[in-house]
Amino acid sequence: MKEKIGQWLKIAVQFLLNPRLLFCFGIAWIITNGWSYILFGLGTYFGIGWMVAVAGSYLAFLWFPFSPEKLATVAIAIFLLRRLFPRDQKTLAVLRQMKARVKAALQNRKKNKERDDG
């Protein structure tokens, strides 16, 4: 069990620290969050009220505990990774494996539920 967790952790760290994925995640973060931090800083520095209001409102939404922003950021990063680096088969293979595991787990859960109900 310990070896399995260690192996999974190693794959996850290698996947997350991939320079191409980090680059795409950075772009996705700018799209979903970064603009508001930049706008808030510029609005505060130059005393532009509407910038502070718009950025502050969006930042308040981002810091809400159940904000879907993180899901959107990851989805955009994966989309960008597929578009910008289509030949990065190593990273894309990890994504495919994760997708297959999730799909299998969902099907297994559905079968178990049907078995328990029937």
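The legends below describe close-up views of a predicted model.

**View 1. The largest pocket and the residues of its lining.** The largest pocket of the predicted model has a volume of about 160 Å³, and the residues that line this pocket are K4, I5, Q7, W8, I11 and R101. Helix 1, which covers residues 2-16, makes the greatest contribution to this lining, giving five residues. By residue class, the lining of the largest pocket divides into three nonpolar residues, one polar residue and two charged residues.

**View 2. The largest cavity, with lining residues from helix 1 and helix 5.** A search of the whole structure for cavities of 30 Å³ or more finds one, and the volume of the largest cavity is about 50 Å³. Its lining is made up of W8, I11, A12, V94, Q97, M98 and R101, to which helix 1 and helix 5 (89-117) each supply at least two residues. Helix 5 gives the most to the lining of the largest cavity, with four residues. Five nonpolar residues, one polar residue and one charged residue make up this lining when it is divided by class.

**View 3. The bend of helix 2 at N33.** Helix 2, running over residues 19-46, has 28 residues, yet its end C-alpha atoms lie only 35 Å apart, which falls short of the 40 Å that a straight helix would reach at 1.5 Å a residue. At N33 helix 2 bends by about 60°, and N33 is itself one of the buried residues of this helix.

**View 4. The buried residues of helix 2 and the helices they pack against.**

**View 5. S67 in the loop between helix 3 and helix 4.** S67 has its place in the loop that lies between helix 3 and helix 4. With a relative accessible area of 10%, S67 counts as buried, because that value is under the 20% at which the buried class ends. When residues up to four places away in sequence are not counted, S67 touches F61 and L62.

Terms used: Residues are numbered from 1 along each chain as its sequence is written. This is a predicted model: local features need pLDDT of at least 70, side-chain atom pairs count only at pLDDT 80 or more; totals for chains, interfaces and linings use all residues. Side-chain values use heavy atoms; hydrogens and water are left out. On a 1 Å grid over the protein atoms alone, a cavity is a set of points where a 1.4 Å probe fits but cannot get out, and a pocket is an open set with protein on both sides within 12 Å along at least five of seven lines; lining residues have an atom within 4 Å of a point. Grid points are joined across faces, edges and corners, and a volume is the space filled by probe spheres set on the points. Ala, Val, Leu, Ile, Met, Phe, Trp, Tyr, Cys and Pro count as nonpolar, Asp, Glu, Lys and Arg as charged, and the others, Gly among them, as polar. The expected span of a helix is 1.5 Å times one less than its number of residues. The bend at a residue is the angle between axes fitted to the seven residues ending there and the seven starting there. Buried means under 20% relative accessible area, exposed over 50%, partly exposed in between (1.4 Å probe, protein chains only). Contact means heavy atoms within 4.5 Å.
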